[in-house]
Amino acid sequence: MTFRLAYYSRAHTISDIVVLAPEDGILFVGDLFFKDGLPGFNEWLDPDVERWRAVLDEVLGEPGLCETVVSGHGAVMTRADLETQVRYAFDLWNGLARAFQDGKTLEEARCAFDLASRYPDLAPRNIKDSLGRTVHAENIRKIWKHLTAGSGPLGCQGARGDQEA
């Protein structure tokens, strides 16, 4: 059995990797994605969004390369499950980056990215943390904080994250 490791750099933690077993079509994603939740951006990291995009484009770029996705928590995912979560993560990042570049306020950006209308299948997974904040609302806050701090790239282009915010 062959395993391919892909280093994400800073995404969910300071040193994320995914492991691909290409002959079996299995991708191990750790805590980056999981079936019963939304992908979360980490506030204390300066995420390397371009690297995150490059790794996902590579892994998802070949049909059949990963049909089964095993995460660090919960049920096994399908490729379609992962693609939806990837689209969400990069649509959100790119949409907020565009809103920031266009001089929008955080509230205007938040209103433009309604989870239930854009991703109705993901909306039920928008769980609350111990302080009553939803993952989606926290993702918006964390990305906006990153963008307003002026660090890192403001956007990330790729085949699966081009939806307008």
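**Notes on the predicted model**

1. Confidence first. Helix α1 (residues 49-61) has the lowest confidence in the chain, with a mean pLDDT of 76, while strand β5 (residues 77-78) has the highest, at 94. Keep in mind that this is a predicted model. The chain as a whole averages a pLDDT of 82, and 84% of the residues score at least 70.

2. One stretch to treat separately: residues 152-165 have a pLDDT below 50. In the model that stretch still has 52 contacts beyond near neighbours in sequence.

3. Now helix α2 (residues 79-101). Its 23 residues should span 33 Å at 1.5 Å a residue, and the end C-alpha atoms are 32 Å apart, which agrees. Of those 23 residues, 17 are buried, so α2 is largely enclosed by the rest of the structure. Just after α2, Gly103 takes a positive phi of about 80 degrees.

4. Leaving aside neighbours within four places in sequence, His136 is in contact with Leu38, Tyr88, Leu92, Phe113, Leu115 and Asn126. Take Leu115: its C-alpha atom is 7.4 Å from that of His136, though the two are 21 residues apart along the chain.

5. Over to the surface. Met1, Phe3 and Phe28 form a nonpolar patch there, with about 340 Å² of accessible area together. Phe28 belongs to strand β3 (residues 26-30), and at a relative accessible area of 32% Phe28 is partly exposed.

Conventions. Residues are numbered from 1 along each chain as its sequence is written. This is a predicted model: local features need pLDDT of at least 70, side-chain atom pairs count only at pLDDT 80 or more; totals for chains, interfaces and linings use all residues. Side-chain values use heavy atoms; hydrogens and water are left out. Helices (H or I, at least four residues) and strands (E, at least two) are DSSP runs, numbered from the N terminus. The expected span of a helix is 1.5 Å times one less than its number of residues. Buried means under 20% relative accessible area, exposed over 50%, partly exposed in between (1.4 Å probe, protein chains only). Patches are made of residues with over 30% relative accessible area and no salt bridge: like charges are joined within 9 Å, nonpolar side chains (Val, Leu, Ile, Met, Phe, Trp, Tyr) within 5 Å. Accessible areas come from the Shrake-Rupley method with a 1.4 Å probe; for residues, only the protein chains shown count as cover. A salt bridge is a side-chain nitrogen of Lys or Arg within 4 Å of a carboxyl oxygen of Asp or Glu. pLDDT is the predictor's confidence in each residue, from 0 to 100. Contact means heavy atoms within 4.5 Å.
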